[in-house]
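Subject: Structure handover

Hi,

Here is the structure I promised to pass on.

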Amino acid sequence: MKQEFYNLQIKTNGQKLYEFTNDTIHWIGQNNFKNGILNLSIQHTSASLIVQENADPDVQTDLINYFDKLAPMDNKLYVHTTEGKDDMPAHIKSALTNNQISLSVKDSELLLGTWQGIYLFEHRLETQKRTIIHHFIGE
């Protein structure tokens, strides 16, 4: 049994989904992981992690549009507006999604569906530097 950690840095440029599936698969291969659990976590309260379709970019557009309607950027609706119009909506979107995802690794392969990818879901409008912690436990 072994444990390994890796911090993946992603610089975002506005509100959208940033796929990092290939970075994660590459890290698994570099370390010759065979079987185990990979826990991914993001240490930010205004961005999140999701597993989502990676074949049709319209899915990403629709997700962003839906979440923007669910948590509109209108400071009149919120008390917490310290960092601008996207501040509280970003926290709401993060609360409704995930800050951690656990995925299985079997026979050195990350077990995702055919059209699935792993994404950082950025909820802020301005450029951010995000850290996604990878924690593998297994063999």
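**Salt bridges**

Arginine 124 and aspartate 86 join their side chains in a salt bridge, with 3.1 Å from N to O (a salt bridge being a side-chain nitrogen of Lys or Arg within 4 Å of a carboxyl oxygen of Asp or Glu). The two partners come from distant parts of the chain, 38 residues apart: arginine 124 sits in the loop between β7 and β8, and aspartate 86 in the loop between α2 and α3. For the element names, helices (H or I, at least four residues) and strands (E, at least two) are DSSP runs, numbered from the N terminus.

Before going further, two notes on where this comes from. This is a predicted model, so local features need pLDDT of at least 70 and side-chain atom pairs count only at pLDDT 80 or more, while totals for chains, interfaces and linings use all residues. Residues are numbered from 1 along each chain as its sequence is written, and side-chain values use heavy atoms, with hydrogens and water left out.

Back to the charges. Both arginine 124 and aspartate 86 are buried (buried means under 20% relative accessible area, exposed over 50%, partly exposed in between, with a 1.4 Å probe and protein chains only). Aspartate 87 also forms a salt bridge with arginine 124, at 3.7 Å from N to O. That pair links distant parts of the chain too, with aspartate 87 in helix α3 and arginine 124 in the loop between β7 and β8, 37 residues apart. Aspartate 87 is buried, as is arginine 124. Through shared partners, salt bridges tie Glu83, Asp86, Asp87 and Arg124 into one network. Elsewhere, arginine 130 and glutamate 122 pair up at 2.7 Å, N to O, and both of these residues are buried. The count of salt bridges comes to five.

Histidine 123 is in the loop between β7 and β8, and it counts as buried because its relative accessibility is 0%. Its side chain makes a polar contact of 2.8 Å with the side chain of serine 48. (A polar contact is a pair of N or O atoms within 3.5 Å; within protein, one must be able to donate a hydrogen and the other to accept it, and residues adjacent in sequence count only if both atoms are side-chain atoms.) Leaving out residues up to four places away in sequence, histidine 123 touches Gln15, Ser46, Ala47, Ser48, Asp86, Ala90, Lys93, Ser94 and Thr97, where contact means heavy atoms within 4.5 Å.

Threonine 97 lies in the loop between α3 (87–96) and β5 (100–106). Its relative accessibility is 18%, so threonine 97 counts as buried. A polar atom of the threonine 97 side chain is 2.9 Å from the backbone oxygen of lysine 93. Not counting residues up to four places away in sequence, threonine 97 touches Ser48, Ile50, Phe67, Phe121 and His123.

**Nonpolar parts**

The largest nonpolar core has 21 residues, and those touching the most other members are Phe20, Leu38, Leu40, Leu110, Leu120 and Ile132. (Such a core is a set of buried Ala, Val, Leu, Ile, Met, Phe, Trp, Tyr and Cys residues joined through side-chain atoms within 4.5 Å.) Among the elements that give two or more residues to this core are β1 (2–13), α1 (21–30) and β8 (127–138). A second, separate core of eight residues includes Val59, Leu63, Phe67 and Tyr119.

Leucine 70 belongs to helix α2 (residues 57–70). With 44% relative accessibility, leucine 70 counts as partly exposed.

**Two positive phi values**

Most residues other than glycine have a negative phi. Asparagine 32 has phi near 55°, a positive value, and is found in the loop between α1 and β3. Aspartate 107 has a positive phi of about 50° although it is not a glycine. Aspartate 107 is in the loop between β5 and β6 (109–110), and it counts as exposed because its relative accessibility is 59%.

Let me know what you make of it.

Cheers
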